[in-house]
Amino acid sequence: MPCYFAIIGAKDNPIYEAEFTNPHLNQFPPELKELNPFILHASLDILEDLQWQTHPQSGAHSGTNSGFLRSRHSSSNSNCYLGKIDHFYGLAITGYLSYGNMKFVMVHSGNANNGSPVVVDDVSVKSFYQEVHELYVKTLMNPFYTLNEPITSPVFDGRVRALAKKLLTK
Amino acid sequence: MSASTNSVPNSSTGSKKSLKAFSDDIWKNKTAKINAELFTLTYGSIVSQLCTDYERDFVKVNNQLFLMGYNIGMRLIEDFLARTALPRCESLAKTSEVVSKCAFKIFLNVTPQVGNWSSSQDAFSLFLDENPLSDFVELPMDAAKELWYSNILCGVLKGALEMVQMDCDVFFTSDVLKGDQTTELRVKLNRVLKDEIPAGED
Amino acid sequence: MNSNQKPEMTEHQKQQLQFQLFQESLPKVNEIVYRMLLNETIPMAVSVQNRLSDNSDTQGTLGQELEEKLVLDPLKGHVPSHKLLQQYLASESDQQAKIDNRLNQIGFSLGQKLSQLLIFSNNPSLSFRDMDLLAVMKFVCRDVWRQVFGKQIDNLKTNHRGTFYLLDNNYKPVESLALDDDKSLEEKALIDPYLQFPCGVIRGVLDSLGFKEEGAVICTATLVDNAESSKSKSPISSRAVIFNVQVAVEN
């Protein structure tokens, strides 16, 4: 299913955005495509409210222990994942918060043809967020990247898209 | 000319092993350590501050890093000699081994490969497969051409070698950060100083 | 109680131990190299200031020539560290302020990034879910300080209205500065640039954890007489530093 993903900075400024589609499956309808950023931004308020609560989803554990930062085991990152935070017609919106208050948000579209509701696979969506979080922290470690500025690195973009292919649009 | 002209760059396997074991022991048992990530991030903050100060004039940044390294190298050699109590190197080949297997090992816990000897045996290269200074680093487009990100290393080597009476040119010829296949640091011996007062010391 | 010879480790202790083992397994470098790098930033910042002031009146082609010379002879205009420090003392206060600011900035960007790395590394004693200012300051005193300076802050005091005093009984970077007890005022002025970096680190950590409004955090540091170390028999007198952190809090 197609997804629209964005990282939103501390001042609600966009840091990074990407659309993940699978050429063999359906795309975002053009009229929806333009709406995606707005749908996401509408959800930010909900995300900020949720930030201060314990979300029922946060208990779930997933065991993705690969990569260099991820190897720092323990599950305290799992409560960064907020699960499904909002919906908009047939779309679901999920969110994830980093400790530096970076907001990771995503619009998930269902199958537009048969109008079936979106089912968010929490396990893979959560690991997607966690892996992106790790990539984000690595990007932050680059001395030439300044906190809260748009991420322009093609390496980051490539890796995020590879993750999406593996975990979301399969 | 230098004392190195007659010697073979590769000394016997036996002495190679002992130098490695000797350095491993110092690293493992006699060295206070800190997380390499902290070191990497701090160096990164310094370089990015210099890029801001010099308004991205990377030639000046390279030079400032070199000078900074030079000042460090002149003092680091004291610590090195005190720690290792190694005798004077009889040849440049021996120097290259001590630099790669001992100095780099003890200070940065990496061992660059030595190679690319000049035909007259007065210049060699250190190939840095691992470089703790540049983990995480991705050079922006404008810096990729001119900035030698790890140039501080050249200064450190220059300063340290000068303190043991070796006047060398030290410079990078390639860097994986710039898209090169290897990170190659060249050391070229100009002459052996004879009890001269080293430059910069009064 | 009798049934168990060893008390079972709590989940938290287990995590702490795992975390410690993990920290130890991370790549390391020699501490000396790090200390030297940090200390050398002060003469470096002076050298940058000298060059920037010089360059302001040599524009265009002359600057180009200078650059070519720098490539051919990288040691051109080299000034040894101790001379640069003397130059710092001899500088006008506005020059000193610029140098101090440069050092503070280096600490700031380190603090910003290091805090994210430390939090991401899942230290089990950190829980930023209910992140308040006090929790962040404790994080600075414990985790950040241990990482950067190899020890924790010895004492943290607060008025619970945004003012904090962090006492480091033995601030390592100034340990080696040769200052006698009868240190002159001028020599004391040399301490200032050495205290910029840690102040910057504190600001950077706070910034990355949400205290990022312009002027929201003011951090100053002063060297204090260390009553404890003068009482003890330790031959090396340690240097105590107080960091005064003011955070503008909304009420």
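View 1. Helices here are DSSP runs of H or I with at least four residues, strands are runs of E with at least two, and both are numbered from the N terminus. Of the 18 residues of H8(C), 16 are buried, so the helix is largely enclosed by the rest of the structure. A residue is called buried if 20 or more other C-beta atoms lie within 10 Å of its own, exposed if 12 or fewer do, and partly exposed in between, with C-beta atoms placed from the backbone. After H8(C) comes Gly210(C), with a positive phi near 110 degrees.

A word on reading these views: this is a predicted model, in which local features need pLDDT of at least 70, side-chain atom pairs count only at pLDDT 80 or more, and totals for chains, interfaces and linings use all residues. Residues are numbered from 1 along each chain as its sequence is written, while chains are lettered from A and ligands numbered from 1 in the order in which they are written.

**View 2. Helices H5 (residues 93-120) and H6 (residues 133-149) of chain C pack against each other.** Their angle is about 110 degrees and their axes are 11 Å apart; axes are lines fitted to C-alpha atoms, for helices over the stretch in contact, and angles run from 0 to 180 degrees between N-to-C directions. That makes H5(C) roughly perpendicular to H6(C), a label for angles of 65 to 115 degrees (under 35 is roughly parallel, over 145 roughly antiparallel, and the rest oblique). On the H5(C) side, the contact is made by Leu114(C), Ser115(C) and Leu118(C), and on the H6(C) side by Asp143(C), Val144(C) and Gln147(C). Two residues are in contact if their C-beta atoms, placed from the backbone, lie within 7 Å. By class, this contact has 3 nonpolar, 2 polar and 1 charged residues; Ala, Val, Leu, Ile, Met, Phe, Trp, Tyr, Cys and Pro count as nonpolar, Asp, Glu, Lys and Arg as charged, and the others, Gly among them, as polar.

**View 3. Helix H6 (residues 152-163) of chain B is mostly covered.** Its 12 residues should span 16 Å at 1.5 Å a residue, in agreement with end C-alpha atoms 17 Å apart. For H6(B), 12 of 12 residues are buried, including Ile152(B), Lys158(B), Glu162(B) and Met163(B). The cover includes helix H3 (58-84), strand S4 (166-174) and strand S5 (184-192) of chain B. Gln165(B) follows H6(B), and its phi is positive, near 65 degrees. Chain B has 6 helices and 5 strands, and of its 202 residues 48% count as buried.

**View 4. Two loop residues of chain B have positive phi.** Ala85(B), not a glycine, has a phi of about 50 degrees and sits in the loop between H3 and helix H4 (92-108) of chain B. Ala85(B) is exposed, with 7 other C-beta atoms within 10 Å. For Asn116(B), phi is near 55 degrees; this residue lies in the loop between strand S2 (113-115) and strand S3 (123-127) of chain B. Asn116(B) is partly exposed, with 14 other C-beta atoms within 10 Å.

Note on methods. Expected span 1.5 Å × (residues − 1).
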